[in-house]
Each structure stands twice: as C-alpha cells, then as structure tokens.
Amino acid sequence: MPRRLLAALLTLAVAAGCGARASAGGFTDGRLTVVTAFYPLDFLSKRIGGDTVSVTDLTKPGAEPHDVELNPRQVGRIADAGLIVYLHGFQPAVDDAVDQEAKDRAFDAASVVALLPLADGTDGEPEPPGADHPETANGMDPHVWLDPVRFATIADRLAERLGRADPAHAAAYTARAAGVHRELDALNAEFAAQLSTCRRHELVTSHSAFNYLATRYGLTQIGITGISPEAEPSPQRLGQVAAEARATGTTTIFFETLVSPKVAETIAREVGARTAVLDPLEGLTDPGADYFSVMRGNLAALTAALGCP
Ligand SMILES: [Zn+2]
C-alpha cells in the first residue's frame, strides 16, 4: 500500500512538473475528479455532479461493458480520482482496480440497494450447462439500473457520497439528486401504469438483463443466453425457450443493441415471432439519447410486444 501511494504521489509530482493541469487530492482545476465504470453510472454522476465535477467513463460509448479491460492509463485515473463510481460484481477488471487502488474512494452502486440473485438466464430454471458468468462471482444479478426505483435510491446515496468527497458542494449534489429522483418516480409511474393492462407477461430476451425491471412490473423474464450477453446458449436451452415462447403466445423475441441478434432471430424464426430491441443501457449507441429516452423506448417496445392497450 505505501508503495502504491508513493507511485501515485510520483505520478502527481511528474504531472505537476510537466505543467499538466493542476490535479491534487482528487480535484482537477477545483473540480472533483470522478471516474465512472459504465453508462448509467456515468449519466447519474454527471446529472448529480453538475459542473463542479469532472467525470470520465471507463467504458467507451457503444462498447459492451461486461468484460471491459483497463489500460494502465485508466488504472492511473482510478488511482488519482476523487471518487470511483462502480458496481461491484459487474466488471471484474474494475473491481480489481478499485480493490487495489481506490478502496476508500469508491462508491459501489450495488451496496445501496437490495440485489436479486441471478435468475440463471431463465425464469427460475437451473443454469444451462456451459454458461459463463465471470462478472457475477458473487451470484447476484448486477443489472439494478433497469429498475427506476432502485436507480433513484442509487441517485440519493451517490449524492451523499459526492458530498463527503466534496463538502463545499454537498447541498447542490443533494438538490440535483432530488430532481433526478423525481424524474425517476415519474418514469416508474409510467411503467407501472402502462404495463398493468398487458395480455402477456413473459419477456423473452437474448441477454438476461431485465430481471429487476420484470420483477418491478409483474413480468417474467425468459432469458436465452443468460446474464452474459456473449454466451452461446445450448441447443437444449434454445429448444426450451422456443417451447416456452410458443406456450405463452409470445409474439416478440427481444435482443439488445450491443451484441448480435442471431440467437433472438433463431428463436423468432422457430416460433414465428418477430424480433425487437430492448436496450439494457449498458452503453449508449445513440449519442443523442440518454437514460430516460432509452427507458421510454423500452417501455414502448414492451407495451407493443406484450399487448398492453
Ligand atoms: Zn448485462
């Protein structure tokens, strides 16, 4: 630990000596330096932090965050940051870097809400053989941000943590978080109202990212590939899902934006359903979109697929 601290101090000294921007004690040019692990946490940190924080995201826009690798420069950013905003159990490389470099300067979004156990990529079925979950060593489902209610709690707790890291602006962080919380309450009300009248309640999806959302609104997720979007489902799993899709009258098989729709298309062909996008918000593909616009797009896709008048 002392050696790491020394390395960090040397980095700072070198940076200052080279005339780089003034960076010390987790602040750069008077703004708290915040490093975020992936999009929803980046969105929240920017909305709540406003112009008194400087936010850097570790996951490039449009990249799949589950298996992100960090380069030395990014690990250095983590070592120097005033606050790391991450979700333990989602990205092993980030977990490791936080453990080694920033344990006392980290906000873990998974630590402030009740987690659901992994749904095994199915509606309660045992894990299909060969499924690979390197990112979920703790056995819990990481996709908490897709539940607006849990996300609002994360917003409140993040504001408190930002306020501890930067007490001079604590009141502003609290106030902005309250605004985000109100918007999330409104989003939650829209989801609850529009999903209360659906003819079908089964959400068939390639990437099992939607259990928090499904559980919140009385839906059942039927996952094809499991929790890790790149996993290859077994022929048995494909057969099971096709049978469930037929039995439940499913008309739409969902796939996500950051990975290939091949698996969803295979099932859709087999059961005569169509495919549509349900976005797990792990990265933004459209730079003009944000958390709220993507979630409202998801709601529209769900009401169309599930027959909710
Ligand atoms: Zn995921």
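Q: What does contact mean here, and which residues does Y291 touch?
A: Contact means heavy atoms within 4.5 Å. In this predicted model, Y291 touches Y39, F43, W145, P148, F151, L184, L187 and L281, leaving out residues up to four places away in sequence.

Q: Good to know it is predicted. What should I keep in mind about numbering and confidence?
A: Residues are numbered from 1 along each chain as its sequence is written, and side-chain values use heavy atoms, without hydrogens and water. Local features need pLDDT of at least 70 and side-chain atom pairs count only at pLDDT 80 or more, while totals for chains, interfaces and linings use all residues.

Q: How do I read a nonpolar core, and which residues touch the most other members of the largest one?
A: A nonpolar core is a set of buried Ala, Val, Leu, Ile, Met, Phe, Trp, Tyr and Cys residues joined through side-chain atoms within 4.5 Å. Buried means under 20% relative accessible area, exposed over 50%, and partly exposed in between (1.4 Å probe, protein chains only). Here the largest core has 76 residues, and I48 and Y291 touch the most other members. Helix α10 (residues 291-306) gives this core its largest share, 9 residues. Apart from it lies another core, of 14 residues, including I222 and F255.

Q: How are helices and strands assigned, and how many of each does the chain have?
A: They are DSSP runs, numbered from the N terminus: helices are H or I with at least four residues, strands E with at least two. This chain has 10 helices and 10 strands.

Q: Which residues of α9 are buried, and where do they lie around the helix axis?
A: Picture the directions from the helix axis to the C-beta atoms; the arc is that of these directions. In α9 (residues 262-271), V263, A264, I267, A268 and V271 are buried. Seen down the axis, the buried residues fall within an arc of 130 degrees, so they line one face of the helix. On the other side of α9, K262 and R269 are exposed. The buried residues pack against α8 (235-247), β9 (252-255) and β10 (274-277). Just after α9, G272 has a positive phi of about 70 degrees.

Q: Are β3 and β4 parallel or antiparallel, and what handedness has the crossover?
A: Two strands pair if DSSP finds at least two bridges between them. Strands β3 (residues 31-36) and β4 (residues 53-57) run parallel, joined by 5 bridges; L32 has V53 in β4 as its bridge partner. The chain goes from β3 through helix α2 (residues 39-49) to β4 in a right-handed β-α-β crossover: with the strands pointing away from the viewer, the path from the first strand over the helix to the second runs clockwise.
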